Amino acid sequence: MTLPGRFLPWLRDTLLRMFPHATRPGLRRIGRPGPDAPVLLTGNFTLTVARLERVLAGRDAWLLVADSHGINVWCAAGGGHLTHHDVIAVIRSSGIGERVAHRRLWLPQLAATGVERRVVEARTGWRADWGPARLEDLPAFLDRGERVARRERTMRFPPWERLEMALVWAAPTTLVAAAALVPLVGIAAALAGALSIGLVIFGIFAALPRLPVEGPRRWLTYAGGALLAGGLAAGADALLGGSGHAGWLLGAATLAMLALSVDLAGTTPWYASTINSAGNRFDLVLDRERCTGAADCVRVCPRDVLRMDGRERKVRIAEPEACIRCGACVVQCPEDALFFRFADGRVAPPAQVRATRMNMLGRRAVPVPTDEAPRSS
Ligand code: SF4
């Protein structure tokens with residue numbers, strides 16, 4: 001395929017990632033699947049389904065596409081748009097039961113914030129398990145005899161994908177900034193400023209996750225980015241024969257944009273969100289008395305925070321600072337041994353997290369009463 005033939009579809013797909021984009025839910029064939037072929041599930045975000053069909057080309061599998069409202073699996077599950085009800089509905093309505101001789105379903109690990117695996121099993125009779133976190137790992141997972149390697153449970157965000165995300169954010173922001181600034185500073189300065197904003201977004205995404213986005217030092221990220229954008233814009237404006245004053249205006253615009261960008265966590269649970277954390281921070285707590293070592297939480301954690309303690313046959317929180325409070329472990333624990341606790345002592349019990357999707361996405365919107373009985377840790 002020619003370079004434009006590859007580049008243009010990639011550019012279209014990358015820019016479309018910002019927007020929900022639904023394909024038809026139901027059953028699809030990959031290759032020529034027989035009654036023993038594996039059954040994989042995903043959401044009905046068009047780009048996810050297309051990527052899955054691409055990475056699995058040359059293999060035979062059944063693909064169940066659940067209705068996630070055209071949103072990618074992680075965001076849909078975290079926001080309550082992909083739940084066990086959607087999984088049960090597609091199992092029952094697709095006719096997959098008549099096509100296969102087994103009852104084993106592979107769920108995407110990142111659906112664990114919204115899909116209660118045990119409810120799917122109890123209501124359908126299918127055995128549901130978690131596949132790898134990233135669909136790119138599915139071929140290796142299948143070749144290995146449907147086993148997930150530990151590293152495949154952890155979400156990775158390599159530099160190339162960070163730059164893709166930067167493009168997703170930078171393209172519309174740059175266009176809007178340019179359009180808004182033209183009447184204020186003229187075409188040349190507006191274009192220079194918009195370009196600098198785009199460059200700063202690229203820089204931020206390339207540098208993350210090393211930049212401080214939580215705690216008092218997060219302002220260094222914002223202020224540094226704004227000053228950099230202002231300086232870039234002023235320099236470019238001066239080179240183009242302008243006054244250079246436009247740079248400070250653009251710096252202020254960039255500061256506002258950065259605040260929104262770093263709050264990206266609110267829509268993609270990767271970074272701790274600044275807006276979410278403002279006076280509303282909670283932490284994961286493990287009640288070791290309740291833990292029976294089922295390890296469901298270990299299998300769904302996308303940050304390798306939880307580990308089995310081999311001697312005690314119980315789970316421990318091994319890397320608390322890596323926790324992004326996605327809530328997947330709380331939702332999946334069969335013993336309700338994990339829960340969230342706020343700094344002021346309020347507790348968000350597992351039932352509330354399950355019912356409201358009160359993960360890092362929902363905590364700004366879900367009220368937690370102050371009279372909740374404290375629990376041991
Ligand atoms: S809340 Fe934290 S420990 Fe639990 S699954 Fe999410 S990242 Fe892992």
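Two residues are said to be in contact if their C-beta atoms, placed from the backbone, lie within 7 Å. The structure is a predicted model, in which local features need pLDDT of at least 70 and side-chain atom pairs count only at pLDDT 80 or more, while totals for chains, interfaces and linings use all residues. Residues are numbered from 1 along each chain as its sequence is written.

By this contact rule, leucine 338 touches Leu284, Leu286, Cys297, Cys329, Val330, Cys333 and Pro350, leaving out residues up to four places away in sequence. A residue counts as buried if 20 or more other C-beta atoms lie within 10 Å of its own, as exposed if 12 or fewer do, and as partly exposed in between. A nonpolar core is a set of buried Ala, Val, Leu, Ile, Met, Phe, Trp, Tyr and Cys residues joined through C-beta atoms within 7 Å. The largest such core has 62 residues, and Leu64, Cys297, Cys329 and Leu338 have the most contacts inside it. At least three of its residues come from each of domain 1 (3-153) and domain 3 (281-356), with bounds taken from an automatic or database domain assignment. A second, separate core of 16 residues includes Ala166, Ala177, Ala189 and Ala194.

Helix H8 covers residues 159-185; helices (H or I, at least four residues) and strands (E, at least two) are DSSP runs, numbered from the N terminus. Among the buried residues of H8 are Trp169, Ala170 and Leu181.

Valine 315 is the bridge partner of methionine 308.

Terms used: The expected span of a helix is 1.5 Å times one less than its number of residues. Two strands pair if DSSP finds at least two bridges between them.
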